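Biologist: I have a chain to learn today. Please show it to me, and then I will ask about its parts.

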Amino acid sequence: MHSHCIINSVNFETGKKLHLAKEQVQELKQRNDAICQELGLPVFQPSVHRHARGMGGAEYHTALKGQSWKLRLANTVDECMRYAGSRTEFISLMESEGYAVRWESSRKSILSGAV
């Protein structure tokens, strides 16, 4: 169970767009939590997972030109994952594409870099 705050960000009478500062968004979240508590609904703690960041403008244009190393790396990882049947095969495929891979069982993510 979860809730959503839906806000029409454009005033239909004036056409002006609503702009909220981070503090105002936080206040809305706190109000939502208070309403949930009043109704006996659970209040969830923020996720400990960080969300992936989208591409910035410059990075997006670089990717459009086919010059983004991040996009090349992501595509190579996806392709190698598709064909690898094991961790060892994945590392081997990545190395054949010119990447050094350090995959430690104690870490949550794989570290990769160009050779």
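Predicted model: local features only at pLDDT ≥ 70, side-chain atom pairs only at ≥ 80, totals over all residues.

Biologist: Which residues form the largest nonpolar core?

Modeller: A nonpolar core is a set of buried Ala, Val, Leu, Ile, Met, Phe, Trp, Tyr and Cys residues joined through side-chain atoms within 4.5 Å. Buried means under 20% relative accessible area, exposed over 50%, partly exposed in between (1.4 Å probe, protein chains only). The largest has eight residues: Leu 73, Cys 80, Ala 84, Phe 90, Ile 91, Met 94, Tyr 99 and Val 101.

Biologist: Which element gives the largest share of this core?

Modeller: Helices (H or I, at least four residues) and strands (E, at least two) are DSSP runs, numbered from the N terminus. At least two core residues come from each of α3 (69-83), α4 (87-96) and β1 (99-102). The largest share, three residues, belongs to α4.

Biologist: In what order do the elements run from the N terminus?

Modeller: The chain has four helices and two strands. From the N terminus, the order is α-α-α-α-β-β.

Biologist: Which residues does Asn 32 contact, leaving aside neighbours within four places in sequence?

Modeller: Asn 32 sits in helix α1 (residues 22-38). Its relative accessible area is 18%, so Asn 32 is buried. Contact means heavy atoms within 4.5 Å. Beyond those neighbours, Asn 32 touches Ser 3 and Cys 5.

Methods
Residues numbered from 1 in each chain as written. Heavy atoms only, no water.
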